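Please look over the chain shown here. The paragraphs below go through its surface patches, its strands and its salt bridges.

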Amino acid sequence: MAFRGKEMMKKLLKKVGEKNLAHGVKEQLQKSIPDSKVVMNRAKRGLYAGRHIQFGNRISEDGGNKSRRSWKPNVQEKRLFSYILDHQIRVKVTTHALRCIDKAGGIDEYLLKTPYHKMDTEMGLFWKAKIEKMYEELGQMEVVFFSPEDEAKFEQGFKDLKLAERAARRDARRQMYGWSGKLEEIENRRSHDGTGNAGEDSSDGDVLVANS
């Protein structure tokens with residue numbers, strides 16, 4: 001169950017990299033991580049928000065006899081969506097951490113608002129340093145706004161792309177199953193007539209049969 005702060009600092013710098021840390025983050029990490037802090041082993045793999053195993057006594061009702069016992073935190077495995085990373089994070093969290101995340105407004109806001117000295121697990125410190133670095137990079141990016149004409153062109157391009165994909169899938173199905181040329185005649189007839197009624201096509205008594 002022992003996990004010291006110096007080992008935690010080494011692993012964090014190895015995962016994130018000293019060059020990827022934002023300005024002043026390394027000094028804050030060294031101040032917030034105590035040298036002799038001992039936490040649960042499984043707390044290294046989740047967000048516990050200060051909730052760890054507790055020890056106490058179980059007292060019997062008859063004679064008042066005491067026996068040692070422990071209280072473990074309520075840990076749940078959840079998938080939390082991160083808007084900065086644009087995908088879900090699968091992480092083990094306590095119910096107290098879930099309430100803190102809901103109160104903050106999401107996993108990104110919780111990691112950005114929570115100070116380093118309260119983030120007492122390896123995974124929490126790792127995700128906090130990573131989110132802060134990406135948030136700083138997003139703040140330096142330029143924002144471009146498109147005119148309504150450009151947006152209309154983009155939408156029309158997406159529609160044309162969907163139609164082209166649909167036509168490609170239709171041609172692939174025809175080549176795979178070996179449909180006869182009767183289907184093309186019916187489609188051409190529908191395009192010329194402009195009606196598209198199935199009853200007129202079925203009146204000829206022709207049946208489409210796949211070539212074996």
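Patches are made of residues with over 30% relative accessible area and no salt bridge, with like charges joined within 9 Å and nonpolar side chains (Val, Leu, Ile, Met, Phe, Trp, Tyr) within 5 Å. A salt bridge is a side-chain nitrogen of Lys or Arg within 4 Å of a carboxyl oxygen of Asp or Glu. Lys and Arg count as positive and Asp and Glu as negative, while His and the chain ends are not counted; a charge is placed at NZ of Lys, CZ of Arg, CG of Asp or CD of Glu. Accessible areas come from the Shrake-Rupley method with a 1.4 Å probe, and for residues only the protein chains shown count as cover.

This is a predicted model, in which local features need pLDDT of at least 70 and side-chain atom pairs count only at pLDDT 80 or more, whereas totals for chains, interfaces and linings use all residues. Residues are numbered from 1 along each chain as its sequence is written, and side-chain values use heavy atoms, with hydrogens and water left out.

The chain has eight helices and five strands, where helices (H or I, at least four residues) and strands (E, at least two) are DSSP runs numbered from the N terminus. Of the 212 residues in the chain, 27% are buried; buried means under 20% relative accessible area, exposed over 50%, and partly exposed in between (1.4 Å probe, protein chains only).

A positive patch on the surface gathers Lys159, Lys162, Arg166, Arg169, Arg170 and Arg173. Lys162 lies in helix α6 and is exposed, at 56% relative accessibility. Helix α6 (residues 148–177) also holds Phe158, which is exposed at 55%. Phe158 belongs to a nonpolar surface patch with Phe146, Phe154 and Leu161, together about 430 Å² of accessible area.

Strands β2 (residues 54–59) and β3 (residues 66–71) pair in the antiparallel sense over six bridges; pairing requires that DSSP finds at least two bridges between the strands. The two strands form a hairpin with six residues between them, and Gly64 in the turn has a positive phi of about 70°. Asp86, not a glycine, also has a positive phi, of about 65°.

The structure holds two salt bridges. In one, Glu77 meets Arg90 at 2.8 Å, N to O. Glu77 lies in strand β4 and Arg90 in strand β5, so this pair ties together parts 13 residues apart in sequence. In the other, the closest N and O atoms of Lys128 and Glu132 are 3.3 Å apart. Lys128 is buried at 2%, and Glu132 is buried at 18%.
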